[in-house]
Amino acid sequence: MTAQTTPDTARRGPTTREPARGERWIRRTPLLPGLLFVIAMTQIPFLFTVYYSFQDSNLLRPDSGSFAGIANYGRVLGDPLFRNAVANTVVLTAGAVLLSLALGLALAVLLDRSFPGRGVVRTLLITPFLVMPVAAALLWKTSVYHPVYGLLNWALSPFGIEADWVNDFPLLSVVMVLTWQWTPFMMLIMLAGLQSQSPEVLEAARVDGARPLAVFRRITFPHLRRFVELALLLGTIYIVQTFDAVYMITQGGPGQASTNLPYFIYLQAFRAFDVGEAAAAGVIVVAATLVVAMFALRVVSSLFEEES
Amino acid sequence: MASVGFEKATHFYPGTEAPAVDELSLEVEDGEFLVLVGPSGCGKSTSLRMLAGLEEVDSGTIRIGGEDVTDSSPLERDIAMVFQSYALYPHMSVAQNMGFALEMAKVARPERERRVLEAARLLDLEPLLHRRPKALSGGQRQRVAMGRAIVREPRVFLMDEPLSNLDAQLRVSTRTQIAALQKRLGVTTVYVTHDQVEAMTMGDRVAVLKDGVLQQCDSPVRLYEHPANAFVAGFIGSPAMNLREFPLSREGVRVGDAALPLTPGQRRRLADEGASSALLGFRPEAVDLVGEGEGFAMEVGLVEHLGADCYLYGGLPGHPADGDLVVRVAPHAAPAAGGTVRLGVRPGRVHVFSPGTGERLDG
């Protein structure tokens, strides 16, 4: 080892000299537009939001706009409708993420074997992810959930089940649309995980006398662990922000039964015109998402760690 | 422990016309170490995978211990396999890796631990039992893969080029260890390699395959001294046997300015084929330097000193394009490069093959 590293560092020696100041800037310049763009598009709006969250700002009161301290935060946290939105968001996100992950894993396992027409099937399975969320929500609302013309009632009528889905089960309706949209995403991540597995390891397990279920549970699933973590994390971050489906299908209703956090913020800002409170709620959601994501990731990792 | 039998076993890969393994018939006795050897793509690994149940048998039968296992799944065959990549379970410790098969067979934990420890002692793996495969060196991983096979006490060991990922030095020492271990455990073993030295040093018998067809299955000595055809003759031995076509003459075969005699039987069979030449083979060490007026002449192009031996590379005078002949001589007798020597092939050490089919011609 040492004999190998010595000539290596010696060879690298002359190239690692400190580049001159001017040269460094020449190297960085091409990256600057991208950097500035990212800052302008993400950080400035966020800073504005933070600024507004400390202002007493209501578009209906032109005289408002004074510094309000943490009053906005206090009012948001004390608002029972906000707490209701938090609860709805948790149910919506957990439901959609877990369902789409389970379905995605099942589909990925099926796609991980070769059969005629596999490419076509894979493409078709991915398409829900490519449909615009608003269009998908509209489609589900009008052609699937509609109490009279809906496909769901038509399909379930032989079993004597009939319901006004959007009214009777507003959260479930949104969860189903989100699951339909996010299953391809989960499936792709799981498929990448399955295909990165060494076929010889699976063969070794078969020769070692493991039946298919045992191979999956003892060999494949531990291998998929990192992929599951990633899918959970990304899925959660995206689905917490769901707005389109709620807006299109239930408008947060009936009452507040399906109002999630983004829709709550929308109502505060564009129905109540209370920019200050909406901004405070936005900041709370960003902070909470960060904390929850980090915490969830730790919990999931340690769970898996104990098992293996 | 059990015998293994292939009977006209054939395998086609989907989408190919030629079989990967073509009517392989082979018997391996109980406790025997059989090596399958051949160039890449000859079907040796496929044959092993058919025996393991990882590849389907399109026609023919495979037997383990006299029982037909052609259509049984790997787990019903009671075999253990060592893979080229070792295929260790990356998320399990060495002990878990080795105990996995026993766990699957529902062996009780104390018994399992006892057997894992026993195998670990045998292979010098005891201090590594709690490590993950990632934290092991190549040689250690190889031993874990062996350990995983030994712990099971299977009827047959299958090994698919288990040494090809080791460095040259380790390969030689591990080679002898595996051969010694197999003798000690007495488990029937089928071993696949592309390295003819490995095949010759390890196997009780060696089966040479080419293009999915079994060429010859014999003891290493017999393969070396009595190759069944020109392919086996050229494949076994290092440096390779000198194989070249020479024109027939009235007394035998013309080699340069000399003639090598053929037996009446060989002459008759060549005549039956209508051949005007014969494919002659002689090993580099079957040749002596002889005096003027004997043997045939060779122009020495290159002299290679290896210490104990010395190899002369050269060609017949006036036939430089015919490729090099290789001859082994004692180091003190080595001539200088550029000169001409006269060579005599020792009687009985010339192999004669048909130029058309490559078949060995005897009698």
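**Two interfaces in a predicted model**

Let's begin inside chain B: across the interface of its domain 1 and domain 2, the rule finds two residue pairs in polar contact, both at pLDDT 80 or more. A polar contact here is a pair of N or O atoms within 3.5 Å; within protein, one must be able to donate a hydrogen and the other to accept it, and residues adjacent in sequence count only if both atoms are side-chain atoms. This is a predicted model, in which local features need pLDDT of at least 70 and side-chain atom pairs count only at pLDDT 80 or more, while totals for chains, interfaces and linings use all residues. Residues are numbered from 1 along each chain as its sequence is written, chains are lettered from A in the order in which they are written, and side-chain values use heavy atoms, leaving out hydrogens and water.

Domain 1 of chain B covers 4–235 and domain 2 covers 242–353, with bounds from an automatic or database domain assignment. Their centres, taken over C-alpha atoms, are separated by 39 Å. Eight residues from domain 1 of chain B and six residues from domain 2 of chain B make the contact, meaning heavy atoms within 4.5 Å.

How much area do domain 1 and domain 2 of chain B bury between them? The value is about 580 Å², with 59% of it on carbon and sulfur atoms. Buried area is the accessible area (1.4 Å probe) that two parts lose on being put together, summed over both. On the domain 1 side of chain B, Tyr224(B), Ala230(B) and Ala233(B) lose the most area, together 70% of what that side buries.

Now for the interface between the chains. Here 16 residues of chain A are in contact with 23 residues of chain B, and the two chains bury about 1,900 Å² between them, 58% of it on carbon and sulfur atoms. Val207(A), Asp208(A) and Arg218(A) supply 37% of the area that chain A buries against chain B, more than any other three residues.

Across the interface of chain A and chain B the rule finds three salt bridges. Arg218(A) forms a salt bridge with Glu103(B), where the closest N and O atoms are 2.5 Å apart. Eight residue pairs in polar contact, both at pLDDT 80 or more, are also found across the interface of chain A and chain B.

Methods
Salt bridge = Lys/Arg side-chain N within 4 Å of Asp/Glu carboxyl O.
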